[in-house]
Amino acid sequence: MPDLRWEEVRDFFDPELMGSLPDLFVPDTTVDDWQNLLNLVTTSGWTWRYEQGETELPLPSAKTVLARPTDLATAHLRVWPVSGVLAIFRFTSEHEIDFDVDLRELQGQEGVDTLCLFLREIWHGVGKPVLMTNEGGSKEHPVLGYDPVMDKVTMLAEDSAVNP
C-alpha cells in the first residue's frame with residue numbers, strides 16, 4: 001500500500017498550485033543533524049554533487065560548510081535519489097535543513113512514491129520531521145510530512161489549503 005495515493009494528493013503535486021519548487025524542510029536541526037544528512041547522502045547509493053557557486057568540490061563536513069562566511073558563493077548539494085529526480089539542499093542555516101524538488105519530475109503515482117520514499121529515508125537518516133509547503137508558503141502550515149509513528153508520509157492539510 002503506497003503512503004499516498006495520486007488521486008488524493010494530485011493538487012499537492014500540481015506545479016501551478018504549489019509552485020514548481022515547493023519548500024521541503026527539516027525544522028529545529030543542529031550541525032549534527034546536517035552531518036547525519038551528509039552521511040546518508042554519501043552512503044545511500046544516490047548520485048550527488050556538492051557545489052560552491054558553479055564550482056564542484058569534494059563534500060566538506062557539515063561543520064565546515066555551515067561555518068563558511070556568508071559573502072562566499074552559495075553552497076548547495078544536488079542529490080538524485082533516482083534518475084530524473086533532483087533535490088537541491090541549501091546550507092543556509094544550521095537550524096533548518098532546507099531543500100527543493102521539482103514537482104514536474106514527480107508526476108503520477110510513481111512520482112508520489114519516489115518522494116515518499118525519499119522523505120522516509122531522510123527521516124531515518126536525520127531522525128526529525130520532514131515537511132513540505134507550497135513554494136514560498138508558510139512553514140507553519142505544511143501540506144505533507146513524514147509521520148514516524150505511522151512510518152509513512154501523510155497529508156497534513158486539505159486540498160483547499162494548497163492555494164488559500
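Student: Is Asp 33 buried or exposed?
Tutor: In this predicted model, Asp 33 counts as buried because its relative accessibility is 7%, and buried means under 20%.

Student: Which element holds Asp 33?
Tutor: Asp 33 belongs to helix α3, which covers residues 31-43.

Student: What does the side chain of Asp 33 make a polar contact with?
Tutor: A polar contact of 2.6 Å joins the side chain of Asp 33 to the side chain of Lys 128. The side chain of Asp 33 also reaches the backbone nitrogen of Thr 30, at 2.9 Å.

Student: And which residues does Asp 33 touch, leaving out those up to four places away in sequence?
Tutor: Asp 28, Ile 97, Val 126 and Lys 128 are the residues touched by Asp 33 on that basis.

Student: Which residues in α3 are buried?
Tutor: The buried residues of α3 are Asp 33, Trp 34, Leu 37, Leu 38, Leu 40 and Val 41. Viewed down the helix axis, these buried residues fall within an arc of 160°, so they line one face of α3. The face turned away from that buried side carries the exposed residues Asp 32 and Thr 43.

Student: What do the buried residues of α3 pack against?
Tutor: Their packing partners are the strands β2 (47-52), β4 (75-82), β5 (85-90) and β6 (96-101), together with the helices α4 (62-66) and α5 (108-126).

Student: Changing topic: how many helices and strands does the protein have?
Tutor: The protein has five helices and nine strands. Its radius of gyration is 15 Å, close to the 15 Å given by the globule rule for 164 residues, so the protein is as compact as a globular protein of that length.

Student: How much of the protein counts as buried?
Tutor: Of its 164 residues, 46% count as buried. The accessible surface comes to about 8,400 Å², and carbon and sulfur atoms account for 49% of that area.

Student: And what share of contacts joins residues at least 24 apart?
Tutor: The share is 64%, taken among contacts between residues at least 6 apart in sequence.

Terms used
Residues are numbered from 1 along each chain as its sequence is written. This is a predicted model: local features need pLDDT of at least 70, side-chain atom pairs count only at pLDDT 80 or more; totals for chains, interfaces and linings use all residues. Side-chain values use heavy atoms; hydrogens and water are left out. Helices (H or I, at least four residues) and strands (E, at least two) are DSSP runs, numbered from the N terminus. Buried means under 20% relative accessible area, exposed over 50%, partly exposed in between (1.4 Å probe, protein chains only). Contact means heavy atoms within 4.5 Å. A polar contact is a pair of N or O atoms within 3.5 Å; within protein, one must be able to donate a hydrogen and the other to accept it, and residues adjacent in sequence count only if both atoms are side-chain atoms. The arc is that of the directions from the helix axis to the C-beta atoms. The radius of gyration is taken over C-alpha atoms; the globule rule is 2.2 Å times the number of residues to the power 0.38. Accessible areas come from the Shrake-Rupley method with a 1.4 Å probe; for residues, only the protein chains shown count as cover.
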